[in-house]
Amino acid sequence: MKVAATLQRKGGEEFAKPGKLVEVRFVKGQSLSLAASRLFALMVLSAGGDAWRDMRHRLRKSDIRRGHKSNERILDLLMELHGTLFAENDTSWRGKRATKRFSLILRSWEESEESEETGWIEWEFTPDARKLIQESETYAVMHRQAVLGFRSAYSLKLYEEGALRLHRRQPVWKVDIIGLRAALGIDPDAYADFAQLRRRVLKVAQAEIDQLAHFTVEWTETKRSRAVSEIEFRFKPKAPPEQIETVDELTRHSSGRVARREKTVETMTVADDQLVSPDAIGQLVAGLSAKLAAPDSTPRAKFASFPSGSLKYGSEEFYDIGKTYGGGWDVDMIATAYRDNMGERLHRISGRALEKSWKGWCESYSARRGRPS
């Protein structure tokens with residue numbers, strides 16, 4: 001907490017998250033969406049060195065909106081934080097081994113008469129959360145812009161794990177598959193095939209961390225009976241030149257981040273003594289427009305249109321998103337509500353826009369309805 005208070009007084013982009021909050025595990029089948037994970041990180045940043053105290057903390061709504069899309073409601077995120085359970089090993093009243101389940105937010109207040117630019121929210125951490133914070137002897141130093149820059153909740157969780165272990169000077173994390181799923185909040189029914197988990201979780205997280213964090217991540221896989229049973233992650237601090245590149249990337253707009261990461265940004269150079277005619281500029285703009293409008297040749301072409309029938313058959317991409325971000329609700333039920341809500345608009349979007357729209361609907365559906373009983 002002394003470190004958190006010091007970083008808060010400095011007023012920079014870095015903040016400390018207590019190690020026990022990083023290592024706390026989700027209850028099986030539960031996890032936080034990316035938006036809710038970001039909000040909780042901002043709460044920890046705002047509370048600073050007082051996070052362990054029995055008191056109200058506060059945060060401007062405008063500071064929350066800086067890290068979220070315009071259609072994400074703060075109320076939904078607060079409700080998600082209230083309803084998500086975490087677990088840790090404990091003992092019962094008889095001294096027997098037991099699992100304790102608890103939430104992190106006890107109470108919250110949202111000003112209802114102010115706009116989202118001028119209003120505030122307040123909250124109190126639960127006694128269990130305050131105990132974890134107070135008892136933490138280690139912490140992860142994280143960068144605010146990196147936290148807000150991640151586009152995958154799994155990337156953010158792995159980033160926290162890496163930041164914690166690097167600060168401990170123990171840059172290796174060895175974990176079995178069950179422990180990995182619990183740490184990252186991966187639904188038990190999602191990515192049952194490890195090849196899928198590797199491609200859609202670990203590879204995505206690695207790409208984002210290598211681009212936005214102050215360290216890089218690699219891993220090795222240990223197999224047992226031809227199935228991956230354990231993973232060993234290795235986190236390595238970046239050298240000064242790489243650190244500078246990361247800082248530069250964090251100051252850029254996020255819209256071109258994937259292209260810069262994949263080195264697919266197209267550039268045009270013109271000699272000093274050459275003039276570019278209006279026709280040439282027009283041809284360039286027309287060519288880029290046609291390229292953007294053309295169907296993707298990548299796997300994202302699977303998002304060309306939203307299926308009219310069940311997502312369980314022949315719609316793997318849509319179904320996986322529903323299972324991952326739908327909070328345990330039946331994916332076809334979520335899809336029916338999505339079609340009803342979108343109406344004719346559903347026929348006018350495709351590609352990345354459709355993918356993001358569907359993913360955002362699944363997250364908001366889960367946040368609004370909580371967890372199925």
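**Briefing: D332 and its surroundings in a predicted model**

Leaving aside neighbours within four places in sequence, D332 touches S310, L311 and K312; contact here means heavy atoms within 4.5 Å. This is a predicted model, in which local features need pLDDT of at least 70, side-chain atom pairs count only at pLDDT 80 or more, and totals for chains, interfaces and linings use all residues. Residues are numbered from 1 along each chain as its sequence is written, and side-chain values use heavy atoms, with hydrogens and water left out.

**The chain overall**

- The protein chain holds 16 helices and 11 strands. Helices (H or I, at least four residues) and strands (E, at least two) are DSSP runs, numbered from the N terminus.
- Of its 373 residues, 43% count as buried. Buried means under 20% relative accessible area, exposed over 50%, and partly exposed in between (1.4 Å probe, protein chains only).
- Among contacts with a separation of 6 or more, 66% link residues 24 or more positions apart.
- The accessible surface is about 20900 Å², and 50% of it belongs to carbon and sulfur atoms. Areas come from the Shrake-Rupley method with a 1.4 Å probe; for residues, only the protein chains shown count as cover.

**D332 and helix α15**

- D332 lies in helix α15, residues 331-342.
- D332 counts as buried because its relative accessibility is 19%.
- Its side chain makes a polar contact of 2.7 Å with the side chain of S310. A polar contact is a pair of N or O atoms within 3.5 Å; within protein, one must be able to donate a hydrogen and the other to accept it, and residues adjacent in sequence count only if both atoms are side-chain atoms.

**Helix α14**

- Helix α14 (residues 316-325) has seven of its 10 residues buried, so it is largely enclosed by the rest of the structure.
- Those buried residues are E317, F318, D320, I321, G322, T324 and Y325.
- They pack against α8, α10 (194-212), α15 and α16 (351-369).
- Just after α14, G327 takes a positive phi of about 70°.

- β9 (residues 172-176) and β11 (residues 227-237) run antiparallel and are joined by five bridges. Two strands pair if DSSP finds at least two bridges between them.
- W173 stands opposite F233 in β11.
- β10 (residues 215-224) also runs antiparallel to β11, with 10 bridges. F215 stands opposite P237 in β11.
- The hairpin of β10 and β11 has two residues between the strands, and S225 there takes a positive phi near 55°.

**The β2-β4-β5 sheet**

- Three strands form an open antiparallel sheet in the order β2-β4-β5.
- β2 (25-26) and β5 (97-102) are the edges; each has a single partner strand, so one side of each lacks a neighbour in the sheet.
- β2 pairs with β4 (residues 86-91) over two bridges, in the antiparallel sense. R25 stands opposite A87 in β4.

**Nonpolar cores**

- A nonpolar core is a set of buried Ala, Val, Leu, Ile, Met, Phe, Trp, Tyr and Cys residues joined through side-chain atoms within 4.5 Å.
- The largest has 42 residues; Y159, L180, L202, I231 and F233 touch the most other members.
- Helix α8 (residues 153-167) gives the largest share of this core, eight residues.
- A second, separate core of 30 residues includes F26, L32, M43 and I64.
- Beyond its neighbours within four places in sequence, I231 contacts several residues, including W173, V175, L180, F194, L202 and W219.
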